[in-house]
Amino acid sequence: MTTPHPSNRNTAVVGLQWGDEGKGKIVDLLTAEHDVIVRYNGGANAGHTVVVGDERYALHLIPSGILYGDKTCVIGNGVVVDPEKLVEEVESLRDRGVEVGDNLKVSDRAHVVMPYHKEHDAALERRLAAAADGDTSIGTTKRGIGPAYADKVHRATAIRMGELLDEDRLRQKLQIICSIRSAELAALGVDAPPLDPDALAAEYARLGHILSNHITDTVYDLHGYVAEGRSLLFEGANACLLDIDHGTFPYVTSSNCSTLGIPAGTGLPGRNVQDVVGIMKAYGTRVGAGPFPSEDLGEIGERIRDRGNEYGTTTGRPRRCGWLDLVAVRYSAMICGATSIACMLLDVLSGFDELKLCTAYTLPDGKTTDRFIPDAECLAKVRPCWDTMPGWTEELDDVTAPGSLPPNAQAYLDRIESYLGIPISIVSVGPKRSQTVLA
Ligand code: IMP
């Protein structure tokens, strides 16, 4: 049994932009101080790479806490699990000598991503991209996330992880599901033989069998950990501006990826989260479609992409890049209840003569606002109002103490802190654990 965390405080880590803020590194740092690491939303659309010594691990579903050996990792009921991917992750970790046993719990109520969800996701995107009045696709990761959550809401056509443990029940359910899905896929232009319920039931029962020791009622487990005084770290996947309710709808993902998803996605009341670390990059990026007011389509955006190696972990797509949008970050910090900020990738901004921060928007009628506008169509029509700050030339890779930052880098951080009204507790200047400046 793990020793209780001395202060028994629970922490959430959440991205405040459109994802890829570098949450993996902060989760990894904070994992050391917590006993139980919990995923509450999203699925294999998320992804982070953790570097431990010389080893690089790319994980999509399992919290990186698994690499520690003495942490319990929980995939909560709010996650949509692709069992094929999960088994792949478990097996590849075991192949590399990482123990995956009782330390991994998967909610029996987490919904399953089936192969037809992925096909549906891709087919719908193709159809939307070919719309007569222009491309209206979302730019999804094609991991089946939207269709799997849609089935959760449809109810009768959904499959939960616990159901993989009963092949007969699964086969029976899949009869009707496959006939409906086959017709839908055909209507979306997918030229494939009808789905075979028996084959799918056999394959998914096989995957369920492999995962059976991990599938459990995580709600009771989590309440038990709280009662025992163990400290929990909630790892948000995707990011606040992709939240289905509060993000830039419809260019969002299909779950509550803000901290508001924690209670529903774990079964723990909201009062169980005391500290919320909001993660933001020192600039802005976005993958997929959707408005991004501070995007730079020219040389600056390209330079940020090159210096920040801004290509997706999950899909390899080049990310759209631009300056930091403080209006957006302040909105996300408000929604998520951020109590501190981690500013990532500050090193990427070295060498710019000047830096810009978006501090308000000009609306189509000429008025300005410092409120974020989550409706995608309206947000697409705003123009950013900039604060311009002088840049710095020094590379920051070796900076480890706040006092060693160049004065202009410190001034940049001070401006962000005063705009947000939230302390910046962590500044990251490189991928390694050692390249971290703690306030
Ligand atoms: P989906 O989650 O695959 O349905 O994709 C919906 C939108 O969210 C797309 O624009 C994706 O690029 C974006 N998205 C989903 N997950 C992530 C993530 O972890 N990082 C960045 N963007 C993401």
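Trainee: How many residues surround the ligand, and which are the closest?

Mentor: This is a predicted model. In it, 16 residues surround the ligand, and the closest are Asn-45, Thr-141, Asn-238, Thr-253 and Arg-317.

Trainee: What kinds of residues make up the shell around the ligand?

Mentor: The shell divides into six nonpolar, eight polar and two charged residues.

Trainee: On to salt bridges. Why is the pair Lys-173 and Glu-163 called a salt bridge?

Mentor: Their closest N and O atoms are 2.8 Å apart. Lys-173 belongs to helix α5 (residues 167-187) and Glu-163 to the loop between α4 (145-154) and α5, so the bridge ties together parts that are ten residues apart in sequence.

Trainee: Is Glu-163 buried or exposed, and what decides that?

Mentor: Glu-163 has a relative accessible area of 7%, and buried means under 20%, so Glu-163 is buried. Lys-173 comes out at 23%; that falls between 20% and 50%, so Lys-173 is partly exposed.

Trainee: Why does the pair Glu-228 and Arg-230 count as a salt bridge?

Mentor: The N to O value for these side chains is 3.8 Å, and the limit is 4 Å, so the pair still qualifies. Glu-228 is partly exposed at 37%, while Arg-230 is buried at 7%.

Trainee: What are the accessibilities of Glu-310 and Arg-319?

Mentor: Glu-310 is at 2% relative accessibility and Arg-319 at 7%. Shared partners join Asp-20, Lys-281, Glu-310 and Arg-319 into one network of salt bridges.

Trainee: How many salt bridges does a search of the whole structure find?

Mentor: The search finds 25.

Trainee: Why do β1 and β11 count as paired strands?

Mentor: Pairing takes at least two bridges, and five join β1 to β11, so they count as paired, running parallel. Val-14 has Gly-278 as its bridge partner in β11. On to β10 (residues 232-235): three bridges join this strand to β1, also parallel, so this pair passes as well. There, Ala-12 is partnered with Phe-234.

Trainee: What makes β1 mostly covered?

Mentor: Five of the five residues in β1 (residues 11-15) are buried. In a regular strand the side chains alternate between the two faces of the sheet. In β1, Thr-11, Val-13 and Gly-15 point one way and Ala-12 and Val-14 the other, and all are buried.

Trainee: How many bridges join β3 to β4, and in which sense do they run?

Mentor: Five bridges join β3 (residues 48-52) to β4 (residues 55-59), and the strands run antiparallel. Val-51 stands opposite Arg-56. The hairpin has two residues between the strands, and Gly-53 takes a positive phi near 60°.

Trainee: Last one: why is Thr-248 called buried?

Mentor: Its relative accessible area is 0%, and the cut-off is under 20%, so Thr-248 is buried. You'll find Thr-248 in the loop between β10 and α8 (261-266). The side chain of Thr-248 also makes a polar contact with that of Arg-286, at 3.2 Å.

Technical notes:
Residues numbered from 1 in each chain as written. Predicted model: local features only at pLDDT ≥ 70, side-chain atom pairs only at ≥ 80, totals over all residues. Heavy atoms only, no water. Helix = DSSP H or I, 4+ residues; strand = E, 2+ residues; numbered from the N terminus. Buried < 20%, exposed > 50% of the residue type's maximum accessible area, 1.4 Å probe, protein only. Near = heavy atom within 4 Å. Nonpolar A, V, L, I, M, F, W, Y, C, P; charged D, E, K, R; others polar. Polar contact = N/O pair within 3.5 Å; in protein donor to acceptor, adjacent residues only side chain to side chain.
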